[in-house]
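The following exercises are for a reader who meets this protein for the first time.

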Amino acid sequence: MVKASKNKFFEEKITEIAATNKQPWDLMNCIKCKMLPATKAIKHNGQPCTNNHLLWQALDSTYNSATNRHINLNILNETPTHTPIEWSPFSKAEFIDTIAKYNNSSAPGPDHITWRTLKCIINNEQCITHIVRLANACINLSTWPSHFKESTSVIIPKPQKPSYDMPKSFRPIVLLNTLSKLIEKVISHKMQFHTTANGYIYPNQLGGVQQRSMADAGIFLTHLVHAGWTKGLHTSVLAFDIAQFFPSLNHSFLTACVTKAGFDHKISFFFYNYLLN
């Protein structure tokens with residue numbers, strides 16, 4: 001009797017929502033209120049951050065902890081300096097191929113231009129010609145316009161944390177202007193091709209490199225295991241993570257690496273300007 005009553009009740013509800021009200025989305029959990037994580041006042045150095053100024057100091061010191069730290073550039077002396085190669089101008093095909101890979105749902109930056117909008121702009125012959133000229137001018141003049149340096153930072157909570165009273169329980173997401181992201185990605189692909197061709201990238205660098213994937217990492221690891229078996233050995237894997245690697249990357253060290261990799265001198269000057277302000 002209980003089972004029959006429940007079935008009758010829910011059948012009537014489904015009929016009401018789907019047929020009478022014609023709002024089938026009301027049957028889905030996605031439209032209901034989400035439970036936000038339990039948060040407390042974020043603490044830094046044992047003190048709660050009770051205003052925006054203290055909160056900013058906590059987040060800035062957490063994510064930029066190595067900004068002014070002294071480094072020893074002499075460790076790069078072990079790496080040979082490659083002969084600089086002239087930087088070739090960008091082509092329209094590079095921009096078309098690059099933008100085709102990105103999802104239209106990606107969040108825009110301060111300019112509020114979405115990838116979908118930029119794809120429509122790229123299809124216009126006159127517009128893409130101006131964009132290519134702009135990108136080439138940035139490299140030739142070794143400058144990165146201040147408009148492209150503008151960004152919106154969004155702090156989002158990391159999932160399934162027991163407590164949200166520490167800055168490390170959150171992750172900063174930086175939203176750049178979409179056109180600047182496109183030009184950056186084209187520059188990145190061009191630089192990666194250059195460094196891979198001249199052997200500057202370590203052969204077993206599998207993360208973040210084109211034409212290499214998780215499958216390649218698995219195959220390489222499997223090869224090491226089987227090679228050990230043939231010698232009667234057992235293989236152990238030690239994995240570690242460098243916390244806050246990208247926010248803590250030293251700018252002087254990065255510029256020195258670009259010079260070592262055999263890029264045109266105007267690329268080194270470009271990155272020096274790129275990292276200012």
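**Exercise 1.** By about how many helical turns are Phe270 and Tyr274 separated in helix H10?

*Solution.* The model is a predicted one. Step 1: Phe270 and Tyr274 both belong to helix H10 and are four residues apart, so about one helical turn separates them. Step 2: their rings form a tilted aromatic pair, with 6.0 Å from centre to centre and 40 degrees between the planes. Step 3: Phe270 has a relative accessibility of 2% and therefore counts as buried, whereas Tyr274, with a relative accessible area of 25%, is partly exposed.

**Exercise 2.** Determine how Trp144 and Phe270 are arranged as an aromatic pair, and which cluster holds them.

*Solution.* Step 1: the whole structure contains 12 aromatic pairs. Step 2: in the pair of Trp144 and Phe270, the centres are 5.7 Å apart and the planes stand at 85 degrees, an edge-to-face arrangement. Step 3: this pair connects distant parts of the chain, since Trp144 lies in the loop between H5 and helix H6 (146-149) and Phe270 in helix H10, 126 residues apart. Step 4: Trp144 and Phe270 are both buried. Step 5: one aromatic cluster is formed by Trp144, Phe148, Phe270, Phe271 and Tyr274.

**Exercise 3.** Describe the largest nonpolar core and the contacts of Phe95.

*Solution.* Step 1: the core comprises 26 residues, and those with the most contacts inside it are Trp87, Phe90, Phe95, Leu182 and Ile187. Step 2: two or more residues are given to this core by each of helix H3 (92-99), helix H4 (115-122), helix H5 (125-140), helix H7 (178-197) and helix H10 (265-274). Step 3: H5 supplies the largest share, six residues. Step 4: when residues up to four places away in sequence are not counted, Phe95 touches Phe90, Ile131, Val132, Ala135, Leu182, Ile183 and Val186. Step 5: another core, of seven residues, lies apart from the largest one and includes Cys49, Ala58, Leu59 and Tyr63.

**Exercise 4.** Identify the two salt bridges and the parts of the chain that they link.

*Solution.* Step 1: Lys92 pairs with Glu125, and their closest N and O atoms are 2.2 Å apart. Step 2: Lys92 is in helix H3 and Glu125 in helix H5, so that distant parts of the chain, 33 residues apart, are linked. Step 3: Lys92 is partly exposed, at a relative accessible area of 31%. Step 4: the other salt bridge joins Lys190 and Glu94 at 3.2 Å, N to O. Step 5: because Lys190 lies in helix H7 and Glu94 in helix H3, this pair ties together parts 96 residues apart in sequence. Step 6: Lys190 counts as buried, with 14% relative accessibility.

**Exercise 5.** Which side chain of opposite charge is nearest to Glu184, and how far away is that side chain?

*Solution.* Step 1: Glu184 is located in helix H7. Step 2: Glu184 is buried and has no salt bridge; Lys185, the nearest side chain of opposite charge, is 7.1 Å away. Step 3: with neighbours within four places in sequence left aside, Glu184 is in contact with Trp144, Leu176 and Tyr274.

Key: Residues are numbered from 1 along each chain as its sequence is written. This is a predicted model: local features need pLDDT of at least 70, side-chain atom pairs count only at pLDDT 80 or more; totals for chains, interfaces and linings use all residues. Side-chain values use heavy atoms; hydrogens and water are left out. A nonpolar core is a set of buried Ala, Val, Leu, Ile, Met, Phe, Trp, Tyr and Cys residues joined through side-chain atoms within 4.5 Å. Buried means under 20% relative accessible area, exposed over 50%, partly exposed in between (1.4 Å probe, protein chains only). Contact means heavy atoms within 4.5 Å. A salt bridge is a side-chain nitrogen of Lys or Arg within 4 Å of a carboxyl oxygen of Asp or Glu. Lys and Arg count as positive and Asp and Glu as negative; His and the chain ends are not counted. Rings of Phe, Tyr and Trp (its six-membered ring) pair if their centres lie within 6.5 Å; planes under 30 degrees apart count as stacked, over 60 as edge-to-face and the rest as tilted.
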